[in-house]
Amino acid sequence: MLEHKRKKRFFTAPFLFLLIVVPAVLLALAFLAKKTIEDLPSISQLENYTPNLSTKIYDKDNSLIAELFTERRVLVPINEIPANLQNAFISIEDNDFYRHWGLSTKGIMRALSRIFLKMRVAEGGSTITQQLAKTIFLTPEKTLSRKIKEALLTIQLEKDYSKSEIMQFYVNQIYFGSGAYGAQAAARIYFNKDVQEINLAECAMLAAIPKSPNYYNPFKNAKAALTRRNLVLARMRQLGYITPQQEEEAAASPLPVKSENVKKDSGHYFVEFLRIMLEPKYGTNVLFNSGLSIYTTLDMQAQTAAEKSIEESLAQFDATRAKAFEKEGKEPIKVQGALVAIDIKTGAIRAMVGGRDFKETQFNRATQAKRQPGSSFKAFVYLAAIESGLNAATLLDDEPMIFVYNGAKWDLVSRDMTELENIAERVPEADLTDTMKVWTPVNYGNKYRGPVTLRTALALSINTCAVQTIMHVTPKAVIQCARKLGVTTPLSNSLALALGSSDVILQEMVSAYAVFGSGGVKTAPYVITKITDKDGKILEQNIPQQQEVLSPQTCYIMTNMLKSVVERGSGWYAKNLGRPCAGKTGTTNDYTDAWFIGYTPQLAAGVWVGYDDRSVSLGDNATGGAVACPIWTNFMKGALAGKPIVDFSQPDNIEWALIDPQTGLLALSKTPGAFLEAFIKGTAPTHYYNQALPEVKRQNLTIEEEGY
């Protein structure tokens, strides 16, 4: 009986608990541990681990101008990380860093007590190695499973890497606020220094931030940042890393101020142009996170001059134009502008402004906008004329023109405006006001001069002469010339093309004009010289892609004629540049677009001004010469400051002669040699112009008309 009772007691509830429940719990824990270990990321990843690195963009002089990043970061080796910065992190984050095996016993006990007291997993007790494990391999979730993984990874990190390597990973990985990841990026943002250059107070400030990057950010919360920085200094002194005197001196140092350390950004449209070009090629992740170095053609001297000239001139224009808007009862709107500058010899884009404020609109009016060029397109008309055998002395008739559309083409029916009444008898009344049926191209100011030379027609931008010229050479020939020089937009096969009726892109217009300055060599515009990866390996390298499309003689004639636009024509303001230059103005109907495209022997540039809304006029008399040319001139002054003043070089097979502008005939003295010598010296008397000889027709002939 007693034995039976003993057996019965042996199978009590506690015994059953130990026999069944405890093994089950142990099995469950074993399974959980196995599962957790299986889910752990491999520490071997760290061998090839590269944190997100920003892509750096450099100008033509290899100066950093911008970065592309999701995490702004630059890797620095441990020997370039100041000892004060390492000691500051150890003092405030993990004073037993060099003594523990990854986990701090005291820290673990504190964390466990918080779990039991608050009945939830809380942060606390993390060593530098634990923080590194969490930052690189894990998510920030606060769960028991994550804490177990963190502990296991920490032990493995300590086993596989030295303390110096762990510190290097840590300092390069953590977030410092203001978009800065890693100590180098943080030093640049907060102090405008490389990390090797920061002093004790700055080291303490950086070590103070990662605990709460937003709260301890000195740009956002100076009081809290100062308190924590000084706490870091106090801990460094307590642990013997610095002396009391060093602490006192560092604690007296002022905090960084954002406005003193962050310079105004420049070249936003240029950088965005790069991004749009490169992102499809390299992919977003590589472009923003792999540490590429992009070396560009941008000239910061020219870029700064471009942005300054655009904004100053257009701000002044807005102030003046606001009165007109108010008078019309309309809300004033902001005028827009764009500028592109290209190296004549290489095709390198030296400056680009796509608008006045990149934050307001990212639309690049220098490369994306298609607008009517007005008379700036006439350069291609007169190029076609020169190539057809005409020369600068060829006479054109500056007289009114009346065209009527016959259903297949435009017929020039009269050059006398008084004939319009007679024409009205033959044309239906409704067609007289229809520009698709009756067309009367007019000159600026409704002024007509009679016979003028080709040079004068271009210099004064005479519309009737341009139309007469395109009638002679055909619109098709003009289109071929524009295409040959790099204009790709659709061009209308019509007489109105001579007046710039077809939309073009500013960048293409500048590139086309650059061909004149280069002596006939078309160079594809480019913005990148080379791209390297984070290790310096060259991924791509660009050299100018060139093609000879015009003869040097033709280009010199065109340049000489376009110089007349500046010297005595619509581009007169450009004379203020004080160096040889050539160019052409452009103004569209109702003054909706103002252009100036011009060049020197070194640089070609173009300016467009207008409103994004094409229905809004710039105002009466807001011509390319009055609005765009001054911007171009002021830009060129800044861009070429310090550069030598040179003139366009004259090629072989160019002959000079003096022409009577009234007849287009040669004017020679009885002793031509003496006359030409006197003409070159500027001492030729008036009577030398009296005798006229038959007109010379030679393609390689440029005419100087000064003195008439």
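**Figure 1. Lining of the largest cavity in the predicted model.** The residues that line the largest cavity divide into 5 nonpolar, 3 polar and 2 charged, where Ala, Val, Leu, Ile, Met, Phe, Trp, Tyr, Cys and Pro count as nonpolar, Asp, Glu, Lys and Arg as charged, and the others, Gly among them, as polar. This lining consists of Ile342, Asp343, Ile344, Gly347, Ser511, Ala514, Val515, Val521, Lys522 and Thr523. At least two lining residues come from each of β4 (336-343), α22 (506-518) and β11 (521-523); helices (H or I, at least four residues) and strands (E, at least two) are DSSP runs, numbered from the N terminus. The volume of the largest cavity is about 60 Å³, and a search of the whole structure finds 1 cavity of 30 Å³ or more. On a 1 Å grid over the protein atoms alone, a cavity is a set of points where a 1.4 Å probe fits but cannot get out, whereas a pocket is an open set with protein on both sides within 12 Å along at least five of seven lines; lining residues have an atom within 4 Å of a point. Grid points are joined across faces, edges and corners, and a volume is the space filled by probe spheres set on the points. The model is predicted, with pLDDT of at least 70 needed for local features and 80 or more for side-chain atom pairs, while totals for chains, interfaces and linings use all residues. Residues are numbered from 1 along each chain as its sequence is written, and side-chain values use heavy atoms, with hydrogens and water left out.

**Figure 2. The second largest pocket.** This pocket has a volume of about 1100 Å³. Of its 41 lining residues, Val442, Tyr444, Asn463, Thr587 and Asn589 are the closest to the centre. The elements giving two or more residues to the lining are β9 (438-439), β15 (582-587) and α24 (624-639). By class, the lining of the second largest pocket comprises 15 nonpolar, 22 polar and 4 charged residues.

**Figure 3. Packing of helices α16 and α23.** Helix α16 (residues 378-387) packs against helix α23 (residues 552-568) at an angle of about 135°, with the axes 10 Å apart. Axes are lines fitted to C-alpha atoms, for helices over the stretch in contact, and angles run from 0 to 180 degrees between N-to-C directions. The two helices α16 and α23 are therefore oblique to each other; angles under 35 degrees count as roughly parallel, over 145 as roughly antiparallel, 65 to 115 as roughly perpendicular and the rest as oblique. Contact (heavy atoms within 4.5 Å) involves Ala379, Tyr382, Leu383, Ile386 and Glu387 of α16 and Thr554, Ile557, Met558 and Met561 of α23. These contact residues of α16 and α23 comprise 7 nonpolar, 1 polar and 1 charged.

Figure 4. Helix α3 (residues 83-93) and helix α10 (residues 222-238) pack at about 95°, their axes 9 Å apart, which makes α3 roughly perpendicular to α10. In this contact, Asn84, Asn87, Ala88, Ser91, Ile92 and Glu93 of α3 meet Arg228, Leu231, Val232, Arg235 and Met236 of α10. Helix α9 (residues 200-208) packs with α10 at an angle of about 110°, with axes 8 Å apart, and α9 is thus roughly perpendicular to α10. Leu200, Ala201, Ala204, Met205, Ala207 and Ala208 of α9 meet Ala225, Arg228, Arg229, Val232, Leu233 and Met236 of α10. The contact of α9 with α10 has 10 nonpolar, no polar and 2 charged residues.
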